[in-house]
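This report goes through one structure, from its overall layout to its metal site and a few selected residues.

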Amino acid sequence: MVRDIAEQLKVRFSEMGLEVPLEEIEKKLDELINGFRVPVEEAKRSVLSQYAKERKSADLVKVKDIQSEGRWISLKTKVVQLWPSESKLIAQSGLIGDDTGIIRFVSWIKSDLPPVEEDKCYMLKNVVTDEWQGRYSVKLTRSTEIVPLEEDIEVSSLVEEFVGAIVDIQSGSGLIKRCEFCNRALLKGSCGEHGKVDGSYDLRIKGVIDDGKIVQEILLNREIVENLIGITLDEAKKMAVEALDQSLVLDAFQERLIGRYFSIKGPRVGRYILVEHITSAPKISDKEVTELIKESEALGC
Ligand SMILES: [Zn+2]
């Protein structure tokens, strides 16, 4: 029952130009109706007014301050990168940033917004934050206003480098399926927002690289994975079909990568580095060799 009301409210929010995840509405309703025994109509009003209020007070924030989902904010950002659209519902997606960091953004076709251009700066008024598997993003919706800026915004930590051993390939890697509507990776054939969908295949690696001091989470997209492993998406699909087992691809990735040293480079987005370049690295870095020599000298070897 709560789900039905949540669905009604989601439609109402949509009409207001607000994109609120269904589970989020459901959670709030469930808390009020089943938790606090608030009458249904009152619960609906309460949730409605909560979002309407948030919408009016879209504070100007910095990228690093985006730490929660479903928050309406405004950002002064530069478009760092535009990605080719893989979904018929997404008009544009890519990375935007300011002097505190960079973050993924999505602009929906139904939001009917003017397109943004790479390397140009904009004031994005009324965007909503989103979170998926620990990664934050912002959604441009029908109530978003895009104002081009004359000033240039310096974007921080555009590219980071890291040398270390890959110590883990996480679940959700290998041959995965993505929702055809929002491009999210499916969990057990289900999208967090759109439920059971057919999905389309993709290759991805979510991994952990360790330089002996820091562990860093990394994300490799299809193009990088294909080049690194030497298996194309079509070949991976064939492998999985022949073996009747999708996890075979993940096993192959783990076997090839875990314990090996790599040098990676790419922009930091939240807790991940989005790998744009990866090369196998010598097992010991020059710096470590120098330190080892120093140590052995100190020991009188
Ligand atoms: Zn979806």
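In this predicted model, the domain assignment divides the protein chain into domain 1 (2-56), domain 2 (59-148) and domain 3 (160-287). The centres of domain 1 and domain 3, taken over C-alpha atoms, are 36 Å apart. The C-alpha trace of the protein chain spans about 80 × 55 × 40 Å along its principal axes.

The secondary structure of the protein chain consists of seven helices and 16 strands. Of the 301 residues in the protein chain, 44% are buried. The protein chain exposes about 16,300 Å², and carbon and sulfur atoms supply 51% of that area. Considering contacts between residues at least 6 apart in sequence, 60% join residues at least 24 apart.

**Zinc site**

Which protein atoms are the donors of the zinc ion? They are the SG atoms of Cys179, Cys182 and Cys191, together with ND1 of His194. These donors lie 2.1 to 2.3 Å from the zinc ion. Along the chain, the donors follow the spacing C-x2-C-x8-C-x2-H. Within this set, Cys182 and His194 are a pair that links distant parts of the chain, twelve residues apart. Cys182 sits in the loop between strand 8 (174-178) and strand 9 (190-191), and His194 sits in the loop between strand 9 and strand 10 (195-196).

Why is the arrangement around the zinc ion tetrahedral? The four donor atoms subtend angles of 101 to 117 degrees at the zinc ion. Four donors count as tetrahedral if all angles lie between 85 and 135 degrees, so the arrangement here is assigned as tetrahedral.

**Accessibility of selected residues**

| Residue | Relative accessibility | Class |
|---|---|---|
| Cys182 | 6% | buried |
| His194 | 33% | partly exposed |
| Cys121 | 5% | buried |

The classes follow from the cut-offs: buried means under 20% relative accessible area, exposed means over 50%, and partly exposed lies in between. Cys182 is therefore buried at 6%, and Cys121 is likewise buried at 5%. His194 counts as partly exposed because its relative accessibility is 33%.

As for cysteine pairing, the structure holds zero disulfides.

Note on methods: Residues are numbered from 1 along each chain as its sequence is written. This is a predicted model: local features need pLDDT of at least 70, side-chain atom pairs count only at pLDDT 80 or more; totals for chains, interfaces and linings use all residues. Side-chain values use heavy atoms; hydrogens and water are left out. Domain bounds come from an automatic or database domain assignment. Donors are N, O and S atoms within 2.8 Å of the metal (3.2 Å for Na, K and Ca); water is not among the atoms, so sites may look incomplete. Four donors count as tetrahedral if all angles lie between 85 and 135 degrees; four count as square planar and six as octahedral if opposite donors are over 155 degrees apart and all others between 65 and 115; anything else is irregular. Helices (H or I, at least four residues) and strands (E, at least two) are DSSP runs, numbered from the N terminus. Buried means under 20% relative accessible area, exposed over 50%, partly exposed in between (1.4 Å probe, protein chains only). Contact means heavy atoms within 4.5 Å. Accessible areas come from the Shrake-Rupley method with a 1.4 Å probe; for residues, only the protein chains shown count as cover. A disulfide is a pair of cysteine sulfur atoms within 2.5 Å.
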